[in-house]
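Subject: Structure handover

Hello,

Here is the structure I promised you. Please open it and keep it beside this email while you read.

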Amino acid sequence: MRNLLIAHVTGRQVNESDYHKLRHFFMGLADVSEKVPALVIEHADLASLWQSLMYSCGSLEDRKTFIIDQFSDFLESLEKDTQTSEQVARSHQVLTEALLHDTWNKAIVSLEKKPEVAVEQMRLMVEQLCYQLLRNVKVVPDPMQHNLKALVGLTERSLMLSPGKKYFHVIKELVAGCEETLSAIENFRADRTHLISGKIDSADRDLSSAKVLVSLYGSLCSMLLSAWRVHEMLIEGESSA
């Protein structure tokens, strides 16, 4: 992320969506979110950052130095945190069934100690998978749109573009409704305090709802990835026909 911002403030072209993905990823990790550089927290997009540094740092070298200084403590904390380093590396891997299940299992293990972190890791897995599948089908999402529901919806519609009309219903049966499913999951996450009441104390409630959310996000990932595998098989079948 530091190199991306340095490239941006020194006049080189960068991918805005990469910044949003990295910003979302690090701010979603409870262990490091408080150490994220202030400029990343304050600026939700690159245009805002550019406007800010254009006046406070006159030269390209000043802007580069400012970015490096802002990230020094953050990068040092990451180097000391092996677990976070592993999570960063995993976020850039191609998401396969093995990696999905590995992340899912680790989220389940971490539920007892850090339920919110486990939930956010699985939510980010959905986002990572959507970007991966969109790249596979050569669909470019709107760089200014960073809503997960919209991203899942675009992925759903893109996967339906199977190699022939006769296969459309196969993919449709697998992915139709993924956007609505994600919306239902997000609504449950937002409203769980009111939905789960009674004599359950807050800690038990948070853990119970986190277990549900981890399973729901994982199931959504599994469905999307399975739909992609079917999409691949249909393409291969059409090519060999």
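Axes are lines fitted to C-alpha atoms, for helices over the stretch in contact, and angles run from 0 to 180 degrees between N-to-C directions. Helices are DSSP runs (H or I, at least four residues), numbered from the N terminus.

The model is predicted: local features need pLDDT of at least 70, side-chain atom pairs need 80 or more, and totals for chains, interfaces and linings use all residues. Residues count from 1 along each chain as its sequence is written, and side-chain values use heavy atoms, without hydrogens and water.

Start with α1 (residues 2–9) and α4 (residues 46–56). Their axes come within 10 Å and cross at roughly 60°. That makes α1 oblique to α4 (under 35 degrees is roughly parallel, over 145 roughly antiparallel, 65 to 115 roughly perpendicular, the rest oblique). The crossing is right-handed (the near helix is turned clockwise from the far one by less than a right angle; anticlockwise is left-handed). Contact means heavy atoms within 4.5 Å. On α1, Leu-4, Leu-5, His-8 and Val-9 make it. On α4, the residues are Leu-46, Leu-49, Trp-50 and Leu-53.

Now take α7 (residues 97–110) and α8 (residues 115–136). Here the axes come within 8 Å and cross at roughly 165°. The two helices are therefore roughly antiparallel. α7 passes α8 in a left-handed crossing. Leu-100, Thr-103, Trp-104, Ala-107 and Ser-110 of α7 meet Pro-115, Ala-118, Gln-121, Met-122 and Met-125 of α8.

Best wishes
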